[in-house]
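Trainee: I would like to learn how to read a model feature by feature. Could we open one and go through it together?

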Amino acid sequence: MEYLYESVQRSYEDYASGRVLYNAHGTTSFPVRLASEIAQRCFHILEQKGAGGPYSLYDPCCGGAYLLTVLGLMHGQRFSSVIGSDVNPEVLAIANKNLSLLTHQGLDHRIGQLQELFERYHKPSHQEALQSAARLKVLLDRSRLEDASCYPADITDSQSQAALNRPAGIHMVITDLPYGDIVSWHGGSGEPVREFFEQIHPMLDPGHSVVAVIADKGQKLRHDRFKRLQQFKAGKRRWPSWNRYDAGEVSIPSLHRR
Ligand SMILES: C[S@@+](CC[C@H](N)C(=O)[O-])C[C@H]1O[C@@H](n2cnc3c(N)ncnc32)[C@H](O)[C@@H]1O
């Protein structure tokens with residue numbers, strides 16, 4: 001694939017999982033350069049739709065919120081909120097810790113932890129992590145983010161309590177769908193991808209939203225309420241971005257009393 005925005009290969013080590021950002025068994029880390037490229041393509045699409053931001057970003061399969069946290073750090077000046085949800089409550093503990101890094105309090109806490117580790121073990125890796133954290137702090141100073149949070153939810157389930165309290169007016173969904181064994185689809189739906197599209201549709205800002213879905217090629221990414229805008233392949237992943245399809249929106253007729 002051609003990188004239009006992250007066109008110059010540079011070091012993304014400040015965002016490496018386990019360095020300043022937290023990692024844990026069962027969570028994955030998304031390629032940083034690709035994440036930033038996708039986000040910037042989405043910004044461009046939203047700008048073309050007349051939405052200047054800052055935007056709300058939602059990942060309904062957020063795992064440990066690595067993708068969300070990286071984007072919140074790199075592009076915090078373009079986002080007002082970063083929201084994640086996941087069916088697995090265990091990964092949300094890590095998601096919460098990662099999302100806390102998008103606040104000064106959370107990042108300072110992490111710097112304190114790294115300092116303690118460095119003083120105790122004198123490892124170069126802890127010193128490097130401290131240097132990365134200092135650079136991330138500079139990024140955070142420019143951030144416009146007001147909310148970074150996550151909650152448990154099965155995005156394929158329309159009946160759950162979480163479904164009733166879902167966020168609305170979302171501008172951007174960027175999500176890395178479950179694939180493989182460790183992170184396969186959970187929940188009872190026989191058609192999880194179709195349900196996923198069904199469930200996110202009402203959450204999106206009708207005129208100013210874009211959805212970028214990263215998936216392996218086994219998953220059929222099609223829904224009549226969404227119009228495909230672009231599709232790319234990167235390694236084994238492909239990631240189309242989508243418009244909420246206006247023609248497919250629910251219409252509310254005006255009624256007369258007879
Ligand atoms: C590929 S991982 C996402 C990783 C994430 N982007 C990150 O940066 O850490 C897919 C996630 O989808 C979650 N998942 C599986 N089925 C789900 C469902 N029905 N609703 C919500 N999340 C689900 C898994 O628990 C897993 O954390």
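Trainee: What is the relative accessible area of Asp108, and how is that value read?

Mentor: First, some ground rules: this is a predicted model, in which local features need pLDDT of at least 70 and side-chain atom pairs count only at pLDDT 80 or more, while totals for chains, interfaces and linings use all residues. Residues are numbered from 1 along each chain as its sequence is written, and side-chain values use heavy atoms, with hydrogens and water left out. Now the reading: buried means under 20% relative accessible area, exposed over 50%, and partly exposed in between, with a 1.4 Å probe and protein chains only. Asp108 has 37%, so this residue is partly exposed. Asp108 belongs to helix α4; helices (H or I, at least four residues) and strands (E, at least two) are DSSP runs numbered from the N terminus. For a sense of span, 43 Å separate the C-alpha atoms of Asp108 and His223, which are 115 residues apart along the chain.

Trainee: How do I read a pair of helices, and at what angle do α4 and α5 cross?

Mentor: Two packed helices are described by the angle between their axes and the distance between the axes. Here the axes of α4 (residues 104-121) and α5 (residues 124-141) come within 9 Å, crossing at roughly 165 degrees. The axes are lines fitted to C-alpha atoms, for helices over the stretch in contact, and angles run from 0 to 180 degrees between N-to-C directions.

Trainee: Which word describes the direction of α4 and α5 relative to each other?

Mentor: α4 and α5 are roughly antiparallel; angles under 35 degrees count as roughly parallel, over 145 as roughly antiparallel, 65 to 115 as roughly perpendicular and the rest as oblique. Their crossing is left-handed, which applies if the near helix is turned anticlockwise from the far one by less than a right angle; clockwise makes a right-handed crossing. The contact (heavy atoms within 4.5 Å) involves residues of α4 including Leu107, Ile111, Leu114 and Phe118, and residues of α5 including Leu130, Ala133, Leu136 and Leu140. By class, the contact of α4 with α5 holds 11 nonpolar, four polar and three charged residues. Ala, Val, Leu, Ile, Met, Phe, Trp, Tyr, Cys and Pro count as nonpolar, Asp, Glu, Lys and Arg as charged, and the others, Gly among them, as polar.

Trainee: What is the phi of His122, and where does His122 lie?

Mentor: His122 has a positive phi of about 55 degrees, although this residue is not a glycine. His122 lies in the loop between α4 and α5 and is exposed, with a relative accessible area of 57%. Ala65 is another non-glycine residue with a positive phi, near 60 degrees. Ala65 sits in the loop between β1 and α2, and is buried at 0%.

Trainee: How is α1 oriented relative to α2?

Mentor: Their axes come within 10 Å and cross at roughly 65 degrees. That makes α1 roughly perpendicular to α2, and the crossing is right-handed. Val32, Ala35, Ser36 and Ala39 of α1 meet Tyr66, Leu67, Val70, Leu71 and Met74 of α2. This contact has eight nonpolar residues, one polar and no charged.

Trainee: Which residues does Ser36 touch, beyond those up to four places away in sequence?

Mentor: Ser36 touches Glu6, Leu71, Met74 and His75. With 0% relative accessibility, Ser36 counts as buried. Ile45, also found in α1, is buried at 7%. Apart from neighbours within four places in sequence, Ile45 contacts Val210, Leu229, Gln230 and Ser241.

Trainee: What joins Gly53 and Pro54?

Mentor: A cis peptide bond, with omega about 5 degrees. Pro54 lies in the loop between α1 and β1 (55-59).

Trainee: How many disulfides does a search of the whole structure find?

Mentor: A disulfide is a covalent bond between the sulfur atoms of two cysteines. The search finds zero, with a cut-off of 2.5 Å between the sulfur atoms. For Cys61, the nearest cysteine sulfur is that of Cys62, 8.3 Å away. For Cys150, the nearest is again that of Cys62, at 5.4 Å. Cys61 is buried at 15%, and Cys150 is buried at 16%.

Trainee: How many residues of α7 are buried?

Mentor: Seven of the nine residues of α7 (residues 192-200) are buried, so this helix is largely enclosed by the rest of the structure. Among them are Val193, Phe196, Phe197 and Ile200, together with Glu195.
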